[in-house]
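Subject: the structure I mentioned

Hi,

Here is the structure I said I would pass on.

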Amino acid sequence: MKKNLLALDLGKGSLGIAISRSGMFITPITNLRFHAMRFEEAIDYLKELLQREKVETFVLGLPLFPSGDPCEMTEVVHDFAKLLEANFPSVPIVYQDERYSTLEASSLLHEQGKRSKKQHKEIDAAAACVILERYLRSISQMD
């Protein structure tokens, strides 16, 4: 059973982070904001986080067009993965299709009574939870 998984939902100026310590339950951690395309700020945050959390695998959301073809952000995510590899060489990275994850996260937050205008502070972390849940389902660790 895979556990200690850290899911990352990367945007140009944000990083949603969620964790599954058990390989079954998922906890949102934060919606990190940083200057657009200044990913070293995100790497610095992850360095601090990995001092507190045991992380065995990064699950990195892979943005694609609805057709499944790469989009502009696909290359940005691959570049970020290179930064992860350079800074955390012992933590493997797996990619998880993140198509529609933000919409799904928004719907889940809406069901919890959080209206669209109030979701901006947690939408990226919620999307990271969706990405991690999809990954766990894909490896048959969740139903």
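Thr57 sits in strand β4 (strands are DSSP runs of E, at least two residues; helices are runs of H or I, at least four; both are numbered from the N terminus). With a relative accessible area of 7%, Thr57 is buried. By that I mean under 20% relative accessible area, while exposed is over 50% and partly exposed is in between, with a 1.4 Å probe and protein chains only. Leaving aside neighbours within four places in sequence, Thr57 is in contact with Asn4, Leu5, Leu6, Val91, Pro92 and Val94, where contact means heavy atoms within 4.5 Å.

Before you go further: this is a predicted model, local features need pLDDT of at least 70, side-chain atom pairs count only at pLDDT 80 or more, and totals for chains, interfaces and linings use all residues. Residues are numbered from 1 along each chain as its sequence is written, and side-chain values use heavy atoms, with hydrogens and water left out.

One of those contacts, Asn4, deserves a look too. Asn4 lies in the segment before β1 and is buried, at 10% relative accessible area. Its phi is positive, near 55°, in a residue other than glycine. Tyr100 is not a glycine either, and has a positive phi of about 65°; you'll find Tyr100 in the loop between β5 and α3.

Now the inside. Which residues touch the most other members of the largest nonpolar core? They are Leu6, Leu8, Leu15, Leu46, Phe58, Phe80 and Leu84, out of 28 residues in that core. A nonpolar core here is a set of buried Ala, Val, Leu, Ile, Met, Phe, Trp, Tyr and Cys residues joined through side-chain atoms within 4.5 Å. At least two residues of this core come from each of β1 (5–10), β2, α1 (39–52), β4 (57–62) and α2 (72–87). Apart from it lies another core, of 10 residues, including Ala18, Ala128, Cys129 and Ile131. As background, nonpolar side chains tend to be buried together in soluble globular proteins.

Not counting residues up to four places away in sequence, Leu15 touches Leu8, Asp9, Leu10, Thr30, Asn31, Leu32, Phe34, Ala42, Leu46, Phe80 and Asp124.

Next, helix α3 (residues 101–111), where the buried residues are Ser101, Ala105 and Leu109. They cover an arc of only 70° around the axis, so they are on the same side of α3; the arc is that of the directions from the helix axis to the C-beta atoms. Leu103 and Glu111 are exposed on the other side of α3. The cover over the buried residues of α3 includes α4 (123–138). After α3 comes Gly113, with a positive phi near 90°.

How many salt bridges does the structure hold? There are nine, counting a side-chain nitrogen of Lys or Arg within 4 Å of a carboxyl oxygen of Asp or Glu.

- Glu133 and Arg137 meet through their side chains at 2.5 Å, N to O. Both lie in helix α4, four residues apart, about one turn of the helix. Glu133 is partly exposed at 25% relative accessible area, and Arg137 is partly exposed at 39%.
- Asp97 and Arg99 also form a salt bridge, 2.5 Å from N to O. Asp97 is partly exposed, with 24% relative accessible area, and Arg99 counts as partly exposed at 24%.
- Arg38 pairs with Glu40, the closest N and O atoms being 3.0 Å apart. Arg38 is partly exposed at 42% and Glu40 is partly exposed at 41%.

Finally, the surface. Met1, Met24 and Phe25 make a nonpolar patch of about 390 Å². Patches are made of residues with over 30% relative accessible area and no salt bridge, with like charges joined within 9 Å and nonpolar side chains (Val, Leu, Ile, Met, Phe, Trp, Tyr) within 5 Å; the areas come from the Shrake-Rupley method with a 1.4 Å probe, and for residues only the protein chains shown count as cover. Phe25 is in the loop between β2 (14–20) and β3 (27–33), and counts as exposed at 63% relative accessibility. Pro89, in the loop between α2 and β5 (93–97), is exposed as well, at 69%. The C-alpha atoms of Pro89 and Met1 are separated by 22 Å, with the two residues 88 apart along the chain.

Cheers
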